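Thanks for coming. I will go through one structure, so please have the sequence and the model open while I talk.

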Amino acid sequence: LAAALSILMLLPLFWMLSTALKANNDIYRIPPQFFPTEFQFSNFAAGIETIGFWSLFANTTIIAAISTVAKVFSSMLVGYGLSRIRFPGRRIWFYLFIGSMMMPGVVGMIPTFQVYLRLGWYNTWWPLIFPAFFGDPFFIFLARQYFMSVPLNIDEAAKIDGAGHWAIFTQLMLPLTRPLWITMAIIAFQASWNDYLNPLIYLYSQDKWTLSLGMASFSGAFAGVAATQWNQFMATNLLYMLPPLIVFFVAQRHFMAGLGSLGSTAREH
Amino acid sequence: VNRKLAILVVVLLTFALGIQMVTAQDPVTVTVMTWEGADTNAAIDAALATFMEANPSIVVERLPSPNSGYGERLSAMQLAGELPDVFWSGNDQMFQYADQGALYNWTEIATADDTFDLGDFAPGAIANWTAGDGGLYGLPTLMNTYGVWYNADLFTAAGLDVPAPGWTWDAFFTAAETLADPAAGMFAAQGYELVNPNEGIFTADVCAQNAGSAAPFADRIINPTTITVTPELVSCVSRLAALVQSGAITPSGYPGDGQTELFIAGQIPMLVFGQWLAPSFMNAAPAFTYGFAPLPVADGVEPADAIQLYDAVGIASPADIENPEAVWEVAKFLASAAWESILLSAPVAPPAHIPSAQPYFDTLSAAGLESAAASIQYMLEAPTKLPIRFTAPWASRANDVLGANWGNILNGTTGVEEGLNAIAEQVNGIITSASS
């Protein structure tokens, strides 16, 4: 049963590979054929050339890498503060972060667009990277809950040895919470890699585009009717989805541990 | 001293004139943004290259944009003051931006241009790209036509006349009754454009109007002000509903996806769809004789009086363009001659500019689709056109009303007259509240 379910789950991936290798006429054949009548490997080269894949790949890698590091680090820092440092109103801050998760992202789109426009950041990568330095409400929630499950006597022992909050955070908490921030990093990287709307509205010039925009440019609307070069799209899509897959497989052990540990109940200090 | 001063003045004047001459010779850059895919953009680039060769004083720079989210991208560019000089636009988008005063009014330049005759566009095209204030805020580029793709072999085998321009609704309904095989699960017609909620009622209205209806369902293509249900519309929808209920025509909500493939496989005698399927059929080369006929008319309606559907996309320019003359030259080209070469590789839709449409028709004919070429030309040149859907700021609310009622009318849950009157009453209410 497990094998059958696995094959079922992988079927779309195999179909994508099959379409990537088909000629135009093969794609629309009735009844559909899984194996191409003629393997057209040139779809890979043509797809890459059509959208200028490698420069978009470089752009996306830079944006995704910076925003992932920034988002994870800032969220961990805020989560640490909310769980470990006693200051007036920390519960209110926490509820504000949680509350902001309930607000649809689209609500803030126009005001933030106006802000970035006035800052002169239209057609730059800043609107895609800058918000990451201010944390992510969901990540802050995860971090705060995770930190609260770490016994306080670890901090107290470190403080007796003269460690301050920065030392405790970087030398004790970060190693202890590795599964958590690796989980966050995988989620953040995937979100940034696949982000479509923000690059769409902020990036005017093609030389600044990300891969998600490049992939979408395979589809057009001729006379208002959708038209897509499916074989080239699927061929390029295989390359497009590789980096998040690699990141996942490299870190999957920590990812599983991270997800598992999130189920543990946090203690209120 | 005077001599030196005179020499200095001459030198300065020469320098200033030189700068002016260089400036005058600098080409003007015009930016263009499309919503097309990579292949079509390549064909557009090739066409623009020929334009630039013929107009060395103008450089056209095409800005790419994915089709998905095109509207959002356009809005962001408008907020940033970065709208391109010419951009692809839907009819509704054009009116939305024109209402905001965001578009350039081409009326004066177009009227003064002796080399470009707005009368060369298909009937209804320019009228529907003209705003309420009489301003021409854009130009139509491509038009969609809606008709019936038919499997000629199945018609001939059943002893039916093959559909052709001027065929009647009686012939369509008879063919649907004859060709259906509900027991075998075979519909006579995949009636997408007849049964889908947003467009079906407008297609049915073609039947009513050709039958001499006193008023169209929607009184205007753009921003209609009144919705009317006539006895002819009730009669046409009743016949359609009877065929849906008998299993001859697909019901409302029947998925349109995959029907093209079933037609290619010879399993659907009629497909009520648009001309844009032509390239797919040309690629697939079905193993039977097939063709494309216009939507039928009523008995006795002359081709010159036929009423068909209107659907166009086009181009527009922002109000603050710096070089209107240069932009107009590019816009003119993109609304006419450009399509003579672009459509050769993908004959998806006819240009609204009739003199530029001949290569499109020739391409279809060369691929054995003479019937499609003739039918599309017939529909394009139909003097009276009806809307295919609501085009107004309140369209989504009106579409909700259609969605709630149209399927029930076709499947018999609601009486035809009762259901149509309910639609008219609710949509008229929406129009009244939107205008107050």
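Buried here means under 20% relative accessible area, exposed means over 50%, and partly exposed is in between, with a 1.4 Å probe and protein chains only. By that cut-off A:Ser205 is buried, because its relative accessible area is 19%.

Some conventions. This is a predicted model, where local features need pLDDT of at least 70 and side-chain atom pairs count only at pLDDT 80 or more, while totals for chains, interfaces and linings use all residues. Residues are numbered from 1 along each chain as its sequence is written, chains are lettered from A and ligands numbered from 1 in the order in which they are written, and side-chain values use heavy atoms, with hydrogens and water left out. Helices (H or I, at least four residues) and strands (E, at least two) are DSSP runs, numbered from the N terminus.

Back to A:Ser205. This residue is in the loop between helix H12 (197-202) and helix H13 (211-216) of chain A. Its side chain makes a polar contact of 2.8 Å with the side chain of A:Asn123. A polar contact is a pair of N or O atoms within 3.5 Å; within protein, one must be able to donate a hydrogen and the other to accept it, and residues adjacent in sequence count only if both atoms are side-chain atoms.

Also in chain A, helix H14 (residues 230-240) is mostly covered, with nine of its 11 residues buried. Among them are A:Phe233, A:Met234 and A:Tyr240.

Now chain B, and its sheets. Two strands pair if DSSP finds at least two bridges between them. One open sheet has five strands in the order S2-S1-S3-S10-S4, with mixed pairing. Which strands stand at the edges? Strand S2 (58-63) and S4 of chain B do; each has a single partner strand, so one side of each lacks a neighbour in the sheet. From one strand to the next, the twist averages 30°. Angles run from 0 to 180 degrees between N-to-C directions, and axes are lines fitted to C-alpha atoms, for helices over the stretch in contact. Contact means heavy atoms within 4.5 Å. Helix H2 (residues 38-54) of chain B packs on this sheet, touching S2 and S3, and its direction makes about 170° with that of S2(B).

The other open sheet I want to show has four strands, ordered S6-S7-S5-S8 in chain B, again with mixed pairing. S6(B) and strand S7 (residues 270-274) of chain B run parallel, over two bridges. In that pair, B:Ala189 stands opposite B:Met270. Helix H16 (residues 370-380) of chain B packs on the sheet, touching strand S5 (146-151) and S8, at about 10° to S8(B). Buried residues of H16(B) include B:Ile376, B:Tyr378 and B:Met379.

Next, helix H14 (residues 338-345) of chain B, whose buried residues are B:Ala338, B:Trp339, B:Ile342 and B:Leu343. Down the axis of H14(B) they fall within an arc of 95°, so they line one face of the helix. That arc is taken from the directions from the helix axis to the C-beta atoms.
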